[in-house]
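Dear colleague,

Please find below the structure I promised to hand over, followed by an account of what was found in it.

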Amino acid sequence: MNDMYQGPTITSELGRLPIEAAADRNRLSRGTASEVLDSIDDSPVADLLRDHGSPLFVFSETTLRRKLRHMREAFTSRYKNMSFAWSFKTNRLDAICKIMKDEGWAAEVVSDFEYEKARKLGYAGPEIVYNGPYKSRASIKTALEEGALIQIDNWDELAVVEQLAGELHGTFDVGIRVWVTTGYAPIWSKFGFSLVNGEAQHAARRIIRHPQFRLHTIHCHVGTYVLDPETFRVATQVLLGLRKELSDDTGHLVPCLNLGGGFPSNSLLHGMVGPAEVVIPPIEDYADAIAGELNALPKRDKPLLRVESGRYLVDEAGYLVSTIVAIKGGPRRDAPPETLSSLVVKEQMLLSDTARLSYVLDAGVNLLYTANWFAIQPFPDRRVNSLPEPTRLLGCLCMEIDVIRDHVDLPRLQTGDHLTFHPVGAYNFDQSMQFIHLRPAVVLIGEDRKVHLIRREETLADMEAAESLPAHLSG
Ligand SMILES: Cc1ncc(COP(=O)(O)O)c(C=O)c1O
């Protein structure tokens, strides 16, 4: 009897795979883990690295312009009175911002230097929307003088704007940021005035009654990577409600509603089951939700609708190409003898999990900050004839937390092989750090398929440029 019986096989994977790994194996997914990406816009990955070094950020102008036009079309085909702004902080590279400008997108900035950058790139004051919880006094003054639209965030800022307006004389269009509840969680309550406790209504009335101000915009930004288009429907209803309340009360009908950004890209969070094209609602659904509310208004009451998008526009245009510099771990060579107690077997399993197959890359979370939330997909640049196996992708920083993917199924690769992460165009370059390693080069592949260096690799001199030694330490 005993000879016949075969107990259940416990593989080292059972019971230890987190949901992310399960997602990779989901039969509904396309098995993207084994997909190959050997070129970007016709440029072979190997050639790009040969010419510009590894790691390397690569942006596709073709994809970026396609996304810009797609979003514009999705909204303007549903609602005519539109204004589009580009969120500089999502990617502040000059070449990227210039493409936005070229396509007619206004600039949405959130700091002194972003404001300065927008002006340098040729944006006139009235083409700039100035947001953020802290704007310096000097930059507020400049923005007022140059006709940029300041979206006032809090009472202290309102007092500064009032004081500076008094000094400057004249009249100014301003906006107000409010935070709203839509049923979407988490609620972003850090920014703007609260509608819930009546602050927003108070602040808006104070602005409307001020002889030097015209309240031009009511603005809210409910969050980022918002997966439910209905959130935007509710936000639109709430802003329209505030607009009507103010109009009834003061006679001023605020001309513009700004619904912020937050539209998701085709990226998946850790634990989400793809494919992204199925899970992420199309931009048309968001446009439908917002325009549906606005189109129900009588013609004379229809406001200008502004959106200020970031992630949706640029994420898919960006790639990070990296190289495997070392391989660690892998399957145990000495399988535990069958006689071991189950406790010991469990311990062995845990140990082998910690020591599982890992590739060390020449890029880490210093360049892919969003890997903390997003399961960014790595693509080998050659087809490998092996079954995908659970792999860990480690960055090159001297920090245990520098893990880009804790579990991803990849075919067996070798030192020197390339892995391209995609999509990574949103927030990663801007949040990259000069920590342990300097920033790599960035190239843009134009619509003509030419490769342009848009930011060279950093050097030690770049890093030291802002430093100085006191006299007693120099020499
Ligand atoms: C005020 C404001 N507008 C626009 C954006 C862009 O957001 P997203 O990249 O999610 O479109 C942000 C980002 O947080 C923001 O805070």
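Pro-380 of the chain stands opposite Leu-419 in β18, where strands, numbered like the helices from the N terminus, are DSSP runs of E of at least two residues, and helices are runs of H or I of at least four. This is a predicted model, in which local features need pLDDT of at least 70 and side-chain atom pairs count only at pLDDT 80 or more, while totals for chains, interfaces and linings use all residues. Residues are numbered from 1 along each chain as its sequence is written.

β15 (residues 377-380) runs antiparallel to β18 (residues 418-422), and four bridges join them. Both faces of β15 are covered, since Gln-377 and Phe-379 on one side and Pro-378 and Pro-380 on the other are all buried; a residue is buried if 20 or more other C-beta atoms, placed from the backbone, lie within 10 Å of its own. In a regular strand the side chains alternate between the two faces of the sheet.

**Leu-268**

Leu-268 lies in the loop between β11 (256-258) and α10 (276-279), and this residue is buried because 23 other C-beta atoms lie within 10 Å. Leaving aside neighbours within four places in sequence, Leu-268 is in contact (C-beta atoms, placed from the backbone, within 7 Å) with Gly-274, Ala-276, Val-279, Phe-374 and Ala-375. The C-alpha atoms of Leu-268 and Trp-373 are separated by 8.7 Å, although the two residues are 105 residues apart along the chain.

**Two helix pairs**

Helix α8 (residues 199-209) packs against helix α9 (residues 230-250) at an angle of about 45 degrees, with the axes 11 Å apart; axes are lines fitted to C-alpha atoms over the stretch in contact, and angles run from 0 to 180 degrees between N-to-C directions. The two helices are therefore oblique to each other, a class left over once angles under 35 degrees (roughly parallel), over 145 (roughly antiparallel) and 65 to 115 (roughly perpendicular) are set aside. Ala-200, Gln-201, Ala-204, Arg-205 and Ile-208 in α8 meet Leu-242, Glu-245, Leu-246, Asp-249 and Thr-250 in α9.

The axes of helix α6 (residues 137-146) and helix α7 (residues 155-168) come within 10 Å and cross at roughly 50 degrees, which makes α6 oblique to α7. The contact is made by Arg-137, Ile-140, Lys-141, Leu-144 and Glu-145 of α6 and by Val-160, Val-161, Leu-164, Ala-165 and Leu-168 of α7.

**The protein overall**

The secondary structure comes to 14 helices and 20 strands, and buried residues make up 40% of the 475 residues.

Key: Contact = placed C-beta atoms within 7 Å. Buried ≥ 20, exposed ≤ 12 C-beta atoms within 10 Å, placed from the backbone. Pairing = 2+ DSSP bridges.
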